[in-house]
Amino acid sequence: MARHISIEHGEGGEMTHELIRDLFVKYFGHAEEAKFDAAVLDLPGSRIAFTTDTFTVKPPFFSGGNIGKLAVAGTVNDLAVSGAEPLYLSAGFVLEEGLSFDDLERIVASMAEEASKTGVRIITGDTKVVEKGSADKIFINTSGVGVVHPGWELHPEDIEEGDVVIVNGTIGDHGVAILAARGELGVATDLPTDSTSLYPLIRAVRDAGVRIRVMRDPTRGGLATTLVEITEDFGVIVELDQEAIPLKPEVEGACEILGLDPLFLANEGKVVFIVPEADAEKALAAMRAREEGRDATIIGRVVGRSEEGKLLLRSPVGSRRRIFRLLGMQLPRIC
Amino acid sequence: MARHISIEHGEGGEMTHELIRDLFVKYFGHAEEAKFDAAVLDLPGSRIAFTTDTFTVKPPFFSGGNIGKLAVAGTVNDLAVSGAEPLYLSAGFVLEEGLSFDDLERIVASMAEEASKTGVRIITGDTKVVEKGSADKIFINTSGVGVVHPGWELHPEDIEEGDVVIVNGTIGDHGVAILAARGELGVATDLPTDSTSLYPLIRAVRDAGVRIRVMRDPTRGGLATTLVEITEDFGVIVELDQEAIPLKPEVEGACEILGLDPLFLANEGKVVFIVPEADAEKALAAMRAREEGRDATIIGRVVGRSEEGKLLLRSPVGSRRRIFRLLGMQLPRIC
Amino acid sequence: METQVHAEDRIAQAIERTKDPALARELLREVRRLAEKFVEVHGRPASFMEVCGSHTHALAEFGIKYALRDVLKLVSGPGCPVCVTDQQEIDAMIALADGEDRIITTFGDMLRVPGSRGSLMKAKAEGRADVRVVYSPSDAVEIAQKNPDKQVIFLGVGFETTIPVLAAAVYEAETLGLENFSMWMSGKLVEPIMRYLLDTGETRIDAFILPGHVATILGRKGFLWLAEEYGVNGVISGFEMNEILSSLYILLDLVLKGKAEIVNNYPYVVREEGNPGAWKLAEKYFMPVDMAWREIDVIPKSGMDFRPEYAHFDAKKRFPVTVGKPKPTACRCGEVIRGLIEPEECPLFGKACTPAHPIGPCMVSSEGACAAHYKYLRQ
Amino acid sequence: METQVHAEDRIAQAIERTKDPALARELLREVRRLAEKFVEVHGRPASFMEVCGSHTHALAEFGIKYALRDVLKLVSGPGCPVCVTDQQEIDAMIALADGEDRIITTFGDMLRVPGSRGSLMKAKAEGRADVRVVYSPSDAVEIAQKNPDKQVIFLGVGFETTIPVLAAAVYEAETLGLENFSMWMSGKLVEPIMRYLLDTGETRIDAFILPGHVATILGRKGFLWLAEEYGVNGVISGFEMNEILSSLYILLDLVLKGKAEIVNNYPYVVREEGNPGAWKLAEKYFMPVDMAWREIDVIPKSGMDFRPEYAHFDAKKRFPVTVGKPKPTACRCGEVIRGLIEPEECPLFGKACTPAHPIGPCMVSSEGACAAHYKYLRQ
Amino acid sequence: MCVGVPGKILERDEYTAIVDVMGSRLKIGILLTPDVEVGDWVLVHAGKALQVIDEQFALESIEAWKLINELREQGVIDPTDR
Amino acid sequence: MCVGVPGKILERDEYTAIVDVMGSRLKIGILLTPDVEVGDWVLVHAGKALQVIDEQFALESIEAWKLINELREQGVIDPTDR
Ligand code: SF4
Ligand code: SF4
Ligand SMILES: [Mg+2]
Ligand SMILES: [Mg+2]
Ligand SMILES: [Mg+2]
Ligand SMILES: [Mg+2]
Ligand SMILES: [Mg+2]
Ligand SMILES: [Mg+2]
Ligand SMILES: [Mg+2]
Ligand SMILES: [Mg+2]
Ligand SMILES: [Mg+2]
Ligand SMILES: [Mg+2]
């Protein structure tokens, strides 16, 4: 018989205990370290990275993944792009009364699977159940702790003219996959999300001896917003080559239909690197050897430094225009 | 003019940027460590505590506090009762479209204030905005990292017969404050929540030289559930003295009206300790010197050890009965 | 637990005294002495039945039942209104809940009662039903006022204490002219079920601890038949520790003397005549009807239901549901509520049947004997 | 950006060619050459007006406007339907949105347009209004079907391209017999506003880049009056990079020759006669009416609104709202849409007025000239 | 059956009253006890006052030990049974 | 004004069709182009097909350079202007 989450699963008593035992421990394992209110852990180093993200994606299941996969990959990626080896995750669930137990189990199983790709452990958690109508089925917060090993620090201060900007594949796939899964605007596609854990790829780039100046995963706000933030945070001027930015036809099609700009569409398995030109080939080779880096390519260059930083886009006709953060939200425009 | 949170504040672009700048940075400060996707931090030690909790309390404002205070104190407390010095918090917000900016600001200000009591820093964060009707105004996840200094480890394995169980004050205050704030069951009271950060109190107990065997904060599920978990996790038999458990009259009154058991009501500023009998007076003195420990008292004793663990309650007439976790949820019973 | 007396009020102090632990210990000693005396005289412990679920709950919670287990047999009777409700009626109430056009309102006790197709909690969790727990039936009337486009149905399960309160809610809905409020009325009467138990003689009961709150409505006079017609003692008791202990003392004293009396040991609340105004209001809307009790035949005039002229408030009439015969289970609630077995004698108790996963209603309601035994009498 | 051609389809390949960057660079070189020739001959750059917001957007996004800024004056005209709407009408549409009984449906472009009391986005954020962005007016009809207890109102703002699509939605609602669907109709016609600009002679325009999608409906013949009556050249253009560049080439060639022609440079979509069936459907429900344009007097027969016999679909008739005179602001949208000033000449541009905090509609809609300049022409 | 709690009337209007139960307040209906006055104690069940508490009895006989003594004196309980 | 995109009809019924736009699919209305057939290309605006794309013209004149050459040959554009 199909089971459902009830308010009682969130009251902190016997039924919460059963849910933890029958589901979370089943997939995440039971850690001795987790007998206290916090997990107590020994780290291989005392320079850590610490990050958090809440996932509220609607719907929770979509082509190529689900919210659980996203939640693990997203936080692994934030740790990884900060120069850390991701070690531990927390998982905070907000469940809507009535969520089917089977759906929850699929999500939790995806989390465990995604965690195993990086070897990260889900070590502490929390579950709240809210009344029907008080959440969209499920929200998941993951926070993560990683260790920045000596020599793994990023060096944005070394960025110099001529450094190249690399992305590991096509952009906007996740945004379009979600748009299609929502079904509201009538666009359908089989294109899967690009969601994946990027630590193995980043590790491969690092192991290839590439000097990573800085890297970041362009999620919400898209490639453009992430690069604007890099340029502002570190005071660099980057020029992108519009023609070089890899794009799947389905993504271009969906954007044309709805009048959206793929530069601002969300990704969940992409990372942009700034590396010295001399290391570009090594970096590309390391990435292209992996499935999630097959379409890795150079999309732009650092053309200077300045206090405020600036992101420029060179169009096919040679004009350069400045790009700003996503303004508000992308609305389908028709008229 | 009153401002409100719109979907656009959560899209990761310019408006998210403005919200972070105008609100979060204003109250939490802007950390140099936070320029990456994760905060990169140096810790004074490599044995850490790591915990997470999501706060979904409805309504977000209630007598004596709000969800922001709760979110900071709750995670500080989980770190503190695990033997750690709380150092860093993350804050993950889920905001419902239409939340008033002023309410959000009050919540964020409370978080900053509560963090300052312990000296913990809110160092990384995330904000999502969901459509109207997809959340109850605001949910906050806080995750926390603390350091377990050498010698600060807890020693549940040393628990022995005769050890005393101490609580720092009256129980059930938070549960009744929330019940009253919800207004649904007609019970009204001015009783404030007990929500507070317990690190300073725990620190004072530690500084008094008390050997803390184990401690835990009885939140959801109440004092009873927390003690059941302690007894199960560490294989001890605890006997509580029903008469000794401190209770405010308003809490007793509300429980009588609705047929609830205060042992299972939530607390947000309580900690139960198991300490050697010889250290009990020192512990009580250290607690009673502080506002949040004024009503500290011994409520029970360890009467033995056993594989499965057991919590017993001795009634005024001398009968002992076993207490189990909260079953499902406490429903007002009338009939 | 320790609370500070909050008022200088003399009644407050008197009430406080009903909970005084030192007094309780003295009383317990005296009760035990009399109980032992009964064993001495009769060669067996006295056997008292409490007919009120709140007494069942209190006797277990305060540890009185446990403290006296070797010298006094305290038997739980049919005092939990949900537990004594026929399974088919429970199934009907749960089936009634499904649907977008309605809001089901109920006391908390009904929420987790297992029906043949799952509980109201389950229907709510699955989004099939909008179920709201209220503290007062009048809150349901308020919900009806605020949701004019929905049908608001209250599940009115209760004994004489609750029946006038249900009537008051109907009165309020009538006064407001609400057309979207109705009640599934399942009122239960104490006298017919007590008579049934006495008449069948299945259980040997020496005396009754009589329900103080039912007596608040019916008065002491509502229980005189017990002594007069059956020659059985009864004491009308309050619910605090010392009220119950003193009632036990009185009962033991009565049975030792062989008298047949109805003693009002709750006189500050229970009048000789009860609250006739309250019962009059109940009789305005409701009338005695034949009713099926759980695993007992229909008992004539043992229930209260709407008078025909108030059919427009009668959810049974307005939203007819048909449910099949309930699935038979191994649950022995039927015997528990008649005092024939202790919950522990049910083979499912604490194993397949726990409050988290109840098989019968006695394991759900906090007044249910199985729930009280599970929560308070396991060691 | 780089995409793989996904099909062997010949039309797909042809369309791909309209975006070919190598071809674009060649075309740009040729356009620049002709533009320089015009400067040589006339001592000033040629001045072309695009009357379509999508052209405004494309010229800015592709960098064409920027690349030619020294040799060719590309002036944005009244091509953004939201931008040309009178402020009082915008205020009325936003006021209409408030209320529990209704759902406002709209194209995304309207959501952030500032009204005197805030935008629809603000009304939505504050919970005052249920506002839903749809891709197609037919989606609004579907919403009406699914919410029979709500009034669903579509904000029908658009030019000739969109007017038949709005008519199709009304047709669908009529066929379904929906009584809870209506439309605030604010149709705009291209010819009257172009004539107004030509007649006032405020702006010196050498030729027009004509709206390819309006022409899809009206046909090339719908623009012949421009050459015949005013002796002005026009080229009907598509929207991809190379379509626009080749259109500029054609226009420059025409003005250099001093001819007055209407060239159809979008023939695979635009027929000589347009789509008469589509326009016929539009005329079934709507008729030309006098309409106020932003900061322009009422222009006779320049708008399309419901015929009287379809008043039951007319949101203006069914939900009358009264709004006061709009608060005057320093916004110069009125001049921007007439091509009198460039957005940068507005003192608020990029300072008080940004897409995140727009003062006028031209800063909101992605077709608005101010928004296009802000997004694509700041360095 | 049925939980009942004693509370003190703080204020009343025609149909409702506010009662104090050990410092927590509750709005109740007084249709079944129309004559209650502010300062009275009532027994509350499911949001309605069921009865006004008799102060005399409360003070006299509420104390169980005293009650038992009295019963003993009245001969209800065997006076020799001490 | 108004965004329009070309798409290829994959299937149709009486009032609606599914079009493919570079691999993404969209359900559209065909009330304004009632004669479209599967395999046709249409111009889509706001969820409706506005016109069937003329394959001949698309193939011949879609290539801008070719078009300009032709115009030159036709004398529309000055043939000496090279
Ligand atoms: S223990 Fe469960 S199954 Fe057995 S009688 Fe009680 S309620 Fe029924
Ligand atoms: S910049 Fe803003 S204020 Fe100025 S004309 Fe444009 S929209 Fe109006
Ligand atoms: Mg993060
Ligand atoms: Mg992230
Ligand atoms: Mg990131
Ligand atoms: Mg937790
Ligand atoms: Mg395009
Ligand atoms: Mg925790
Ligand atoms: Mg916690
Ligand atoms: Mg984030
Ligand atoms: Mg805790
Ligand atoms: Mg009590």
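1. Contact, as the word is used in this note, means heavy atoms within 4.5 Å. This is a predicted model, in which local features need pLDDT of at least 70 and side-chain atom pairs count only at pLDDT 80 or more, while totals for chains, interfaces and linings use all residues. Residues are numbered from 1 along each chain as its sequence is written, chains are lettered from A and ligands numbered from 1 in the order in which they are written, and side-chain values use heavy atoms, with hydrogens and water left out.

2. Nine pairs of chains touch, and the most contacts among them are between chains A and B. By contrast, no contact joins chain A and chain E, whose closest C-alpha atoms lie 23 Å apart, and none joins chain E and chain F, where the corresponding separation is 56 Å.

3. The interface of chain A and chain F takes 16 residues from chain A and 12 residues from chain F. Together the two chains bury about 1,200 Å², 62% of it on carbon and sulfur atoms; buried area is the accessible area (1.4 Å probe) that two parts lose on being put together, summed over both.

4. One salt bridge is counted between chain A and chain F, the term standing for a side-chain nitrogen of Lys or Arg within 4 Å of a carboxyl oxygen of Asp or Glu. Asp190(A) forms a salt bridge with Arg25(F), and the closest N and O atoms are 3.2 Å apart. On the side of chain A that touches chain F, two or more residues come from each of strand E9 (187-188) and helix H7 (249-258) of chain A, and H7(A) gives the most, with seven residues. Helices (H or I, at least four residues) and strands (E, at least two) are DSSP runs, numbered from the N terminus.

5. E9(A) is joined by two bridges to strand E3 (residues 24-29) of chain F, and the two run antiparallel; strands are said to pair if DSSP finds at least two bridges between them. Val187(A) has Leu26(F) as its bridge partner in E3(F).

6. What does the interface of chain A and chain B take from each chain? It takes 75 residues from chain A and 75 residues from chain B, and about 6,200 Å² is buried between them, 54% of it on carbon and sulfur atoms. Asp37(A), Phe50(A) and Arg220(A) supply 13% of the area that chain A buries against chain B, more than any other three residues.

7. The count of salt bridges between chain A and chain B is 14; Asp53(B) forms a salt bridge with Lys128(A), the closest N and O atoms being 3.6 Å apart. Strand E2 (residues 47-55) of chain A gives the largest share of the side of chain A that touches chain B, eight residues. Four bridges join E2(A) to strand E1 (residues 39-42) of chain B in an antiparallel run, with Phe50(A) opposite Ala39(B).

8. Within chain A, an open sheet of seven strands has the order E10-E12-E8-E13-E11-E14-E15, with mixed pairing. Strand E10 (214-216) and strand E15 (320-323) of chain A each have a single partner strand, so one side of each is left without a neighbour in the sheet. Strand E14 (residues 310-314) of chain A pairs with E15(A) in the antiparallel sense over four bridges, and Leu313(A) has Arg321(A) as its bridge partner in E15(A).
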